[in-house]
Amino acid sequence: EKIVRILIIMRYFPSFSILLSLCFLFFFVGSFGFTTQKVITLSCSQKQQKNIGGVNKLFSQQESQSTTTTTITDTKEVEDDDEEGNTVVRLTNPSNGMMCTLVGTAHLSKASNDQVREIITTVRPSAVLVELDITRLERIGFKESGEDLGLPFVTCEGILPPLEDDDKVALENQSWWWQPIENFVLDSGSNIARQFLTQMYNTLANEMSNDDDDYLIPGGEFKVAIETARDITECQRVILGDRESMTTLRRGAELAVRTGNVMEVFNKLGKVNEEEFKAATEEIKKEYPGEDDLTDGEFTVKVVERLKSDKTRRAKLFDNLKKQVPEFSRAFLQERDYIMAECINRENKENNIEAKQQHVVAVVGLAHVPGITKNLKQSWNIVE
């Protein structure tokens, strides 16, 4: 009955098909990040584990320098052989001395988890931001109420991305009779789509479960960040800096509907990176030719890992998305980058300690590092 109902909705409301596609896009964006800008590489891969203690030296050197740029030490490109692709960008507000350390992670990675733990322990920040909203806490083992986080927490409630010209036009042209119908379809579809998304994460979590490592799960680095933060006496609170996933799903569908040709956008979304996915899939099939070599979940993880480990390939994936389907790049990256940056700015206004003593460590997927950096530089008037 549920399947028939979904098929009927998809037949008469193409925007719902967009929402289902957005589930995979949200899952995919959340599974790995990308960046093409120059940032400092702090790889925790096995061959470099011996250097993890150098994080202390790196940050102690930065403390003795007077700088307002993202350079920590000698800046370099992320190396192609850096399989984890971890990056760290540090910013200082020149007007008041507030600091922010952005930790860009490759999700589903033990090395990323180790790096997050090491940096928070070393920096001892006044607040830790994670790329989560309160509805996603249960995925990583906390109560949705947040009562068991062990620290006070704040959310991004009240922070909205600035209206673009098309948003203003849409508001002016709202139809009193159609708007409630559209809202009902988008809201209902978003709820169902979120269930699909949650199931995808649960399936992946089950496939990735490891009795020896409770943190090797989707979002494991955020769990590490929260638990490490509550062991730091200097840390006053956790910032759940992302907007709710249902809001993002709905926003993506809303922007698609606004184009006037939902099905064309849907087709573009389905084909935008078809070649890259097909190539990665074929590579994994050749490496694991036996039907029972991998479960479906393990196969999905292998494909995602293959795509994220290739810097050129992952940059192409998101570049294609931005150029061919800008509606979704805007909903899934740009607007969320702005919101998380504003959460950091709001911490400066609401925290009861002096700005120069404030240091926020923001743990986010690699895809969000360039955008958050750009927004903070603009609001902090940092000149290159």
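**Notebook: cysteines, a helix crossing and some loop residues**

I started with C343, whose sulfur lies 5.0 Å from the closest cysteine sulfur, that of C156, too far for a bond. The cut-off I used counts a disulfide as a pair of cysteine sulfur atoms within 2.5 Å. By this rule I found zero disulfides. As a reminder to myself, a disulfide is a covalent bond between the sulfur atoms of two cysteines. C343 is buried at a relative accessible area of 3%, and C235 is buried too, at 5%. For these labels, buried is under 20% relative accessible area, exposed is over 50%, and partly exposed is in between, with a 1.4 Å probe and protein chains only.

A note on what I was looking at: this is a predicted model, in which local features need pLDDT of at least 70 and side-chain atom pairs count only at pLDDT 80 or more, while totals for chains, interfaces and linings use all residues. Residues are numbered from 1 along each chain as its sequence is written, and side-chain values use heavy atoms, with hydrogens and water left out.

Next, the overall picture. I noted 14 helices and seven strands, taking DSSP runs numbered from the N terminus (helices H or I, at least four residues; strands E, at least two). Of the 384 residues in the chain, 51% are buried. I also looked at contacts (heavy atoms within 4.5 Å). Among those between residues at least 6 apart in sequence, 81% join residues at least 24 apart.

Then I turned to a helix pair. How do α5 and α8 pack? Helix α5 (residues 165–172) meets helix α8 (residues 245–258) at an angle of about 75 degrees, and their axes are 12 Å apart. That makes α5 roughly perpendicular to α8, a label for angles of 65 to 115 degrees, with under 35 roughly parallel, over 145 roughly antiparallel and the rest oblique. The axes are lines fitted to C-alpha atoms, for helices over the stretch in contact, and angles run from 0 to 180 degrees between N-to-C directions. D166, D167 and A170 of α5 make the contact with R251, L255 and R258 of α8.

E335 counts as buried at 6% relative accessibility. Leaving out residues up to four places away in sequence, E335 touches P161, R243, R251 and R330.

On helix α9 (residues 262–271), which residues are buried? I listed V262, V265 and L269. They cover an arc of only 65 degrees around the axis, so they lie on the same side of α9; the arc is that of the directions from the helix axis to the C-beta atoms. G270 and K271 are exposed on the other side of α9.

Last, the loop between α4 (110–123) and β4 (127–130), where I found S126. S126 is buried, at 4% relative accessibility. Beyond its neighbours within four places in sequence, S126 contacts several residues, including C235, R237, I353 and H359. R124 is in the loop between α4 and β4 as well, and is partly exposed at 34% relative accessibility. R124 has a positive phi of about 55 degrees although it is not a glycine. N381, in the segment after α14 (369–379), also has a positive phi of about 55 degrees without being a glycine. N381 is exposed, at 62% relative accessibility.
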